[in-house]
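Student: I am new to this structure. Please show it to me, and then let us ask what the terms rest on.

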2 protein chains.
Amino acid sequence: MPRNAFYAQSGGVTAVINASAQGVLDAARRHSDRMGTVYAGRNGIIGALLEDLIDTSQESDAAIAGLRHTPGGAFGSCRFKLKGFDTNLAEYERLIEVFKAHDIGYFFYNGGGDSADTCLKVSQLGAKLGYPIQAIHVPKTMDNDLPLTDCCPGFGSVAKYVAVSIREAGFDVASMAKTSTKVFILEVLGRHAGWTAAAGGLATEAPGQAPHVILFPEIAFDEAGFLGAVDAAVKRYGSCAIVASEGLRLPSGQFLSESGATDAFGHAQLGGLAPLLARLVSDKLRYKYHYAIADYLMRAGRHIASKVDVEQSYAVGRSAVELALEGASGVMVTIERKSDAPYVWTTGSAPLEKVANVERKMPRDFITEDGFHITERCRRYLAPLIQGEDYPPYRNGLPQYVVLKNAAVPRKVNKPFELRK
Amino acid sequence: MPRNAFYAQSGGVTAVINASAQGVLDAARRHSDRMGTVYAGRNGIIGALLEDLIDTSQESDAAIAGLRHTPGGAFGSCRFKLKGFDTNLAEYERLIEVFKAHDIGYFFYNGGGDSADTCLKVSQLGAKLGYPIQAIHVPKTMDNDLPLTDCCPGFGSVAKYVAVSIREAGFDVASMAKTSTKVFILEVLGRHAGWTAAAGGLATEAPGQAPHVILFPEIAFDEAGFLGAVDAAVKRYGSCAIVASEGLRLPSGQFLSESGATDAFGHAQLGGLAPLLARLVSDKLRYKYHYAIADYLMRAGRHIASKVDVEQSYAVGRSAVELALEGASGVMVTIERKSDAPYVWTTGSAPLEKVANVERKMPRDFITEDGFHITERCRRYLAPLIQGEDYPPYRNGLPQYVVLKNAAVPRKVNKPFELRK
């Protein structure tokens, strides 16, 4: 009897993380002679700790196929990081207890940097605690900040969402500018690295096209420079469309969104970055503004996913299973770029020791000298990642996303386990 | 020689107002024996007042065809309402001077309620000031608040955007709820009527599906009721997805978004409605939240336009020309619903006296008794309006929107005219 597998989703979900789940499940089913049932963790690693496992063999082929076009995490995700072996041994002993009870010999963890750390620790269960298991990390993060991979599955679709949205809003504000709104700000998620904001820059295919200004976390906010760039765009093109990363910082390192004074109730200023920038534009330049905050819409927007991203997300799931069957452990599946144009890529792998807790920032030469847009070099890197559309099926005008049965696996350990807060 | 036509776009633009422009231009070209050149006003009626006219005959058929899938206002829009004949006679005399110089006998104005008023006044130029002109209003408003038409071109696409977005975000927050975000709020444009918020309700096709709570401007905000509904959804379904209209009001009639105290700088509270609701959820229920503010993205989102809406937008433009050629004036083109399912519609017309400055609110029986969702009656009304997808063409992963030449018509009056502020 082949050993069973555990698969779980971790961290912030994306529009395409379920395509990776589909890749894992498809490949495991294809190799059922060598890999048993895939048990999914309900809500990530927590599902293993609580022995709350989902029997994916009860899902139809159609349901598995539907994962490819369904956003969010079909099995539930979590924000929960395993501590070190020395500080939380009980968690590892519990994992082993549950894995042993369900004969789990393969561990696939689908997440970002923090999750890579969890996966690394699980890969060490054999050496440290004598429980043999192969652990493979399936990369996923809209932040695109994992090292040693050309890009991160989940990012391409966010990039496409941001580029499409700022292009569209740019057309809108340009029409309104004569008598009304002249400045539009789109605030995007991405606290530590500017990849998602940079992606907006792809919409500028000719001079004057939106976005006119991009604000990166990597470039300390310079009020005068920003206002000058906005004013120049309005004077030259009639309007100014801005993409601003939520992670924008002051020269002191403080997040701009947290720099406002407290309000009358003593609360920190509400509303994030966009309204602060908007007020600045209004107070100093006297331009009428509008702003949008994309938040979850950008990472859940499966309706405008990148086809390349969907294909890569599927591929990293499938490759994880294949790597495991070849005997690998303690690695992350990677995307390797063979050429920019045409974009040719393949999957590879990298050791988790070199991945976990390492954040890849934007190189400085991806940002123009003035700090307000992307360079040609950046464009060459980003452009392939948003290629192609991969529309979900629609019924009644709405995308038809699947909801799995998520049937619980009968408990075998059946002992309570208390999660630390 | 047939008389020429004036066409202009007014008020907040939409993802499909250019499809109406295409309808007007196509029909005028088809009837070039009876209608001369269509001069577009640059930035709405302002283009007429400033004699800033665009020669649409210089645009290729391909460019005109491209208007169908291009968001924003291709000729520029304006927020500018003609005053009464008695208070601003100079404006009307100027219009006549410009129209006479360019032999304009047809006036097509593409906008919402305020614009209908402007169109009505132009239709009276003959009776009041002796200049014969036929004025037809081409309806456009994402707010869906024009009377005497089944729906307003521009609304169906916003409705689809909101329904798709809250469905997608609902999948996201449901995945995160175990250890992180439990409540998601999507703030939507629509200051006076709840149509755009109601549209989100279409995403709830089965109990428990997002959105769980909708906040309408028509229902005075009840804090305890709101918190109860949110808490119930979280307890029952694990998470709560909310669509909130920016026009939400307190029982006093004050906008909730303006109810916050001023901040330390004496400014009114920044950030609009969503952060206020979010803080309430956090303070009172202790649930982690996220929120998005759709703003222009929802009305510019041509990539997810409703096919029905695109078709209706085109049809009202075409019908306007046909009505004019039949001798009509002082009317708005309307959409008439013949049946709900299958959805059958045709165009008609309504007198502008009954349209201008009348706002259609949501009927109370379109909102559930508890005030937090839509009724079946509302669903039957809304459902047809989001049917069908009408994707723009893509290149390099981005939608290809057209930018017209917008060549200026040589001035004939060539006298300055000062716009009142």
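**Chain A, then a helix of chain B**

Tutor: In chain A, 64% of the 421 residues are buried. This is a predicted model: local features need pLDDT of at least 70, side-chain atom pairs need 80 or more, and totals for chains, interfaces and linings use all residues. Residues are numbered from 1 along each chain, chains are lettered from A and ligands numbered from 1 as written, and side-chain values use heavy atoms, without hydrogens or water.

Student: What makes a residue buried?

Tutor: Its relative accessible area is under 20%; exposed means over 50%, and partly exposed lies in between (1.4 Å probe, protein chains only).

Student: Why is α12(B) called mostly covered?

Tutor: Because buried means under 20%, and 15 of the 19 residues of α12(B) are buried.

Student: How do you know that the span of helix α12 of chain B is close to the expected one?

Tutor: A helix is a DSSP run of H or I, at least four residues. The expected span is 1.5 Å times one less than the number of residues. Residues 307-325 reach 27 Å from first C-alpha to last, close to the 27 Å expected.

Student: What follows α12(B)?

Tutor: B:Gly327 does, with a positive phi near 100 degrees.

Key:
Helix = DSSP H or I, 4+ residues; strand = E, 2+ residues; numbered from the N terminus.
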